[in-house]
Amino acid sequence: MKTLDLDQAAKLLHLHPDTVQQRAKAGDIPAAKPGKRWVFVEDDLLDWLRGQYVGKNGEEKRCSGSVATFGGLTSSTLDAEFDALVGRRTGRKPRNSTTDSKRGSGNRPSSGNPRI
């Protein structure tokens with residue numbers, strides 16, 4: 001396993017070091033910051049880069065190699081089972097149920113004259 005610093009990772013990805021740092025901080029690029037400096041694992045960066053391939057129609061195209069997935073459901077079957085268990089509704093959203101927006105509630109004077 002080979003580790004890289006920020007400048008080496010930027011050179012490998014053909015990106016500016018500031019861009020790599022911003023994406024690592026946002027969690028877009030796999031990295032760790034055990035101290036004051038960012039540390040990148042070369043294999044992780046190459047897997048991430050392979051995952052960025054774009055197909056003919058502009059959609060992301062995943063390679064068939066082993067790419068690590070982090071959390072979440074990875075199967076459409078599991079998605080369907082989860083939806084059935086949780087009972088997600090895809091119909092209309094409920095209306096706003098707050099009562100402070102009703103007109104003529106009696107809390108305000110009906111004429112333009114303020115009470116003194």
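**The core and its surroundings**

Mentor: Start with the whole chain. Among the contacts in the protein chain with a separation of 6 or more, 32% join residues 24 or more positions apart. Contact here means heavy atoms within 4.5 Å. This is a predicted model, so local features need pLDDT of at least 70 and side-chain atom pairs count only at pLDDT 80 or more, while totals for chains, interfaces and linings use all residues. Residues are numbered from 1 along each chain as its sequence is written, and side-chain values use heavy atoms, with hydrogens and water left out.

The protein chain has 4 helices and 2 strands. Helices (H or I, at least four residues) and strands (E, at least two) are DSSP runs, numbered from the N terminus. Along the sequence the pattern is β-α-α-β-α-α. Of the 116 residues, 13% count as buried. Buried means under 20% relative accessible area, exposed over 50%, and partly exposed in between, with a 1.4 Å probe and protein chains only.

Now the core. A nonpolar core is a set of buried Ala, Val, Leu, Ile, Met, Phe, Trp, Tyr and Cys residues joined through side-chain atoms within 4.5 Å. The largest one holds 12 residues: Leu-4, Leu-6, Ala-9, Ala-10, Leu-13, Val-20, Ala-24, Ile-29, Trp-38, Phe-40, Leu-45 and Trp-48. H1 supplies the largest share, 4 residues.

Look at how H1 meets H2. Their axes lie 9 Å apart, and the helices pack at an angle of about 100 degrees (axes are lines fitted to C-alpha atoms, for helices over the stretch in contact, and angles run from 0 to 180 degrees between N-to-C directions). H1 is therefore roughly perpendicular to H2 (under 35 degrees counts as roughly parallel, over 145 as roughly antiparallel, 65 to 115 as roughly perpendicular, and the rest as oblique). From H1, the contact uses Leu-6, Asp-7, Ala-9, Ala-10 and Leu-13; from H2, it uses Pro-17, Val-20 and Gln-21. These residues divide into 6 nonpolar, 1 polar and 1 charged. Ala, Val, Leu, Ile, Met, Phe, Trp, Tyr, Cys and Pro count as nonpolar, Asp, Glu, Lys and Arg as charged, and the others, Gly among them, as polar.

His-14 sits in the loop between H1 and H2. Its relative accessibility is 72%, so His-14 counts as exposed. Its phi is near 60 degrees, a positive value in a residue other than glycine. Most residues other than glycine have a negative phi.

Lys-25 belongs to H2. At 69% relative accessibility, Lys-25 is exposed.

Next, H3, which holds Trp-48. At 16% relative accessibility, Trp-48 counts as buried. Leaving out residues up to four places away in sequence, Trp-48 touches Leu-13, Arg-23, Asp-28, Ile-29 and Pro-30. Leu-13 and Ile-29 are also among the core residues. Asp-28 is 20 residues from Trp-48 in sequence, yet their C-alpha atoms are 9.1 Å apart.

Side chains of opposite charge can pair when their charged atoms come close. The structure holds 1 salt bridge, meaning a side-chain nitrogen of Lys or Arg within 4 Å of a carboxyl oxygen of Asp or Glu. Arg-50 and Asp-47 form it, with their closest N and O atoms 3.1 Å apart. Both lie in H3, 3 residues apart, about one turn of the helix. Arg-50, at 34% relative accessibility, counts as partly exposed. Asp-47, at 22%, is partly exposed too.
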